[in-house]
Amino acid sequence: MRKIRMTPVRLLVLGFLAIIAAGTCLLLLPVSTRSGESPAFMDALFTAVTSTCVTGLVTQDTYSHWSTFGHVVILVLIQTGGIGFMTVVFALWKLGGKKISLKERAFMQESVAAPNLSGMVKLTGTILLGTFLFEGLGAFVMCFRFVPDFGWGRGIWMSVFTAVSAFCNAGIDLMGIKGEPFASMTSYSGDPVICLTIPILILVGGLGFFVWQDIKNNRFHLRKYSLHTKLVLVTTAVLVVVPWAIMIVAENDLPWQERILSTFFTAVTPRTAGFNVLPLSGAGSVRQVTIFLSIVLMFIGGSSGSTAGGIKTNTLAALVLSVVSLLRGKRSVECFGRRLDEENVKNAAQFVTLYLLFAMLGVILICIFEQENAHVDSLTAVVFEVISALSTVGLTLGITPFLSVGSELVLSVLMYLGRVGCMTFMLSLRTPSAPAASLPLERIRIG
């Protein structure tokens with residue numbers, strides 16, 4: 001029998017499966033629910049997947065269905081899935097005084113999509129320190145809103161849970177405490193504390209660990225930033241400001257202060273955390289242009305090596321720059337006085353193609369499974385749900401709790417693929433083979 005070689009890619013794929021399995025087992029315990037009874041297997045599995053893959057789609061309201069023990073399990077899954085399980089393992093190894101080998105550094109490199117092996121120990125420290133610092137600051141600020149609303153103990157817990165969920169781009173909340181399940185942050189629409197703190201946490205978490213390290217090392221010396229950091233910062237700024245401006249114009253039925261704050265929140269949260277302060281479905285829901293922009297932003301997501309999902313900002317930047325180079329008659333893709341590696345552009349095109357194929361397959365399967373479901377009467381809702389799952393966002397137009405088991409399994413697989421990476425998953429299935437001889441070259445017509 002042929003022995004399967006454990007590569008870093010395969011360890012990443014299997015590691016997330018192991019965390020999901022452990023989380024499912026814990027959530028199946030009677031102590032995990034408020035009723036004291038074991039939950040349905042699919043509810044436990046779906047919740048474990050959405051937490052570990054930092055997505056946010058839920059079949060049951062998190063506060064009213066799960067107990068405090070269940071909330072702690074969900075929070076641990078979010079934190080582990082957000083920073084990467086290998087980061088946690090790496091940190092435990094260091095605390096235990098274990099010497100980190102080159103093989104283990106390679107595992108860590110794959111986990112956070114680092115460009116090279118050097119500086120992995122330092123990067124791990126930066127990830128952990130930055131994560132706990134920003135989550136702590138976010139929780140501290142939100143205490144000024146949640147403690148007056150819920151009391152000291154519960155208010156602090158709500159602040160910590162929300163801060164971790166926001167920074168890890170999970171979007172899972174405990175707002176069912178207000179008596180309205182699946183309401184997310186709609187009761188805080190226009191509130192400056194919530195509408196500014198949560199988006200800032202989402203943006204910082206979605207920038208990526210390498211961007212943090214670059215900014216930490218070079219401070220405000222912008223010229224010293226790597227091309228990756230420059231592209232991420234510029235693309236992120238454009239993807240916040242442009243949709244925000246459009247939403248301010250579109251959502252013109254809101255008072256000015258609420259409109260500015262709530263649309264800023266709505267422009268940021270699709271990349272990629274499933275909180276919302278404006279209702280996405282039902283009475284008083286947002287305009288269609290906001291729904292469309294949300295789908296586009298979910299599809300793009302955050303940046304490589306971050307807690308976010310989607311095709312990533314740097315992937316989008318590489319494809320846009322390649323089109324610009326074509327229009328300018330350039331042979332190479334250029335930006336900020338640098339030339340992009342042609343392999344990067346090729347990988348970007350491959351990744352987006354694979355991403356679109358998985359999204360289309362998901363839409364087709366859910367449309368088949370929900371043909372007779374009266375709650376799923378819109379193709380837009382299905383597309384929104386699929387992109388939300390695959391991009392690990394968690395926003396929904398309200399159909400998640402009404403989906404069949406088949407559709408829940410489809411979304412679970414999409415969330416998993418979105419977290420480990422479609423390309424990573426496909427590469428984990430590949431077996432090395434001897435290079436084949438080059439075949440005759442022939443051109444085809446494109447476009």
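## Exercise 1: Two helices side by side

Helix H11 (residues 227–250) and helix H13 (residues 288–300) pack with their axes 10 Å apart, at an angle of about 165 degrees. Keep in mind that this is a predicted model. Work out how H11 runs relative to H13, and what their contact is made of.

**Solution.** 
- Step 1: Angles over 145 degrees count as roughly antiparallel, so H11 is roughly antiparallel to H13.
- Step 2: Now for the handedness: H11 passes H13 in a left-handed crossing.
- Step 3: On the H11 side, look for Leu239, Pro243, Ile246, Met247 and Ala250; they meet Val289, Thr290, Leu293, Leu297 and Ile300 in H13.
- Step 4: Sort the residues of this contact of H11 with H13 by class, and you get nine nonpolar, one polar and no charged.

## Exercise 2: Another helix pair

Do the analysis for helix H15 (residues 342–369) and helix H17 (residues 405–420), whose axes cross at roughly 165 degrees and come within 9 Å.

**Solution.** 
- Step 1: The angle makes H15 roughly antiparallel to H17.
- Step 2: The crossing of H15 and H17 is left-handed.
- Step 3: H15 brings Phe358, Gly362, Leu365, Ile366 and Phe369 to the contact, while H17 brings Gly406, Ser407, Val410, Leu411, Leu414 and Leu417.
- Step 4: By class, the contact of H15 with H17 has eight nonpolar residues, three polar and no charged ones.

## Exercise 3: Aromatic pairs

The structure holds 10 aromatic pairs. Take the pair of phenylalanine 134 and phenylalanine 167: is it stacked or edge-to-face?

**Solution.** 
- Step 1: The ring centres of phenylalanine 134 and phenylalanine 167 are 6.2 Å apart and the planes are at 15 degrees, so the pair is stacked.
- Step 2: Phenylalanine 134 sits in helix H7 (residues 120–150) and phenylalanine 167 in helix H8 (residues 152–167), so the pair ties together parts 33 residues apart in sequence.

**Solution.** 
- Step 1: Phenylalanine 146 is in helix H7 and tyrosine 188 in the loop between H8 and helix H9 (192–207), so to speak a link between distant parts of the chain, 42 residues apart.
- Step 2: Both phenylalanine 146 and tyrosine 188 are buried.

Terms used. Residues are numbered from 1 along each chain as its sequence is written. This is a predicted model: local features need pLDDT of at least 70, side-chain atom pairs count only at pLDDT 80 or more; totals for chains, interfaces and linings use all residues. Side-chain values use heavy atoms; hydrogens and water are left out. Axes are lines fitted to C-alpha atoms, for helices over the stretch in contact, and angles run from 0 to 180 degrees between N-to-C directions. Helices (H or I, at least four residues) and strands (E, at least two) are DSSP runs, numbered from the N terminus. Angles under 35 degrees count as roughly parallel, over 145 as roughly antiparallel, 65 to 115 as roughly perpendicular and the rest as oblique. A crossing is left-handed if the near helix is turned anticlockwise from the far one by less than a right angle, and right-handed if clockwise. Contact means heavy atoms within 4.5 Å. Ala, Val, Leu, Ile, Met, Phe, Trp, Tyr, Cys and Pro count as nonpolar, Asp, Glu, Lys and Arg as charged, and the others, Gly among them, as polar. Rings of Phe, Tyr and Trp (its six-membered ring) pair if their centres lie within 6.5 Å; planes under 30 degrees apart count as stacked, over 60 as edge-to-face and the rest as tilted. Buried means under 20% relative accessible area, exposed over 50%, partly exposed in between (1.4 Å probe, protein chains only).
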